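Let's take a walk through this structure together. Have the sequence and the 3D view ready, and follow along.

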Amino acid sequence: MSAESWRHARVADIAATPQTSDPAYWTEWTDEPGYASRWHSVREHFGIGGFGVNACEGATGELLVVPHDEVSFGGQEELYAVVRGRARFVCDGEAVELGPGELLYLSPEVQREGIALETPTTVLMIGGVAGKPYEPDWDPE
């Protein structure tokens, strides 16, 4: 198998796309300064076509997952994995705290958001629409 078939990277070394690195892109969901600078466009970095995947890093009190549901974004299911630190997610008004190695699954209609409880905290976000091939809901460039 060639190196074209596999690659590795550190989350911190993966940049956001030009679109998601622009703070104006995020104004619909948050006015938190610096959110765009903590976003990592994992899918685009690796050229993944089968599912969506991003990551966000934050310090205590910073937003990791913007408040949203996935109904209007194609109805994708999401899985959040805390890579390091601790995070509090609010799912339809109910709080759940996760630490390293813990996972949270959300169906599309769940209103969600996530906040870092420790410095640093990193959350990996994986999504896709059940029963459909993956199609990004936005053009990264």
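Start with the rings: there are 8 aromatic pairs here, where rings of Phe, Tyr and Trp (its six-membered ring) pair if their centres lie within 6.5 Å, with planes under 30 degrees apart called stacked, over 60 edge-to-face and the rest tilted. Take Tyr-25 and Trp-26, an edge-to-face pair with centres 4.9 Å apart and 90 degrees between the planes. Tyr-25 is partly exposed at 23% relative accessible area, while Trp-26 is buried at 6% (buried is under 20%, exposed over 50%, partly exposed in between, with a 1.4 Å probe and protein chains only). Both belong to one aromatic cluster, together with Trp-29, Tyr-35, Trp-39 and Phe-73.

Before going on, bear in mind that this is a predicted model, where local features need pLDDT of at least 70, side-chain atom pairs count only at pLDDT 80 or more, and totals for chains, interfaces and linings use all residues. Residues are numbered from 1 along each chain as its sequence is written, and side-chain values use heavy atoms, leaving out hydrogens and water.

Next, look for the open sheet: its 5 strands run in the order β1-β2-β9-β4-β7, with antiparallel pairing. Strands (E, at least two residues) are DSSP runs numbered from the N terminus, and two of them pair if DSSP finds at least two bridges between them. β1 (39-40) and β7 (103-106) each have a single partner strand, so one side of each lacks a neighbour in the sheet. For β1, 2 bridges join it to β2 (residues 52-58), and His-40 has Ala-55 as its bridge partner there.

Finally, the charges: you'll find 8 salt bridges, each a side-chain nitrogen of Lys or Arg within 4 Å of a carboxyl oxygen of Asp or Glu. Arg-38, buried at 10%, pairs with Glu-32 at 2.4 Å and with Glu-62 at 3.6 Å. Glu-62 sits in the loop between β2 and β3 and Arg-38 in the segment before β1, so this pair ties together parts 24 residues apart in sequence.

Notes: Helices (H or I, at least four residues) and strands (E, at least two) are DSSP runs, numbered from the N terminus.
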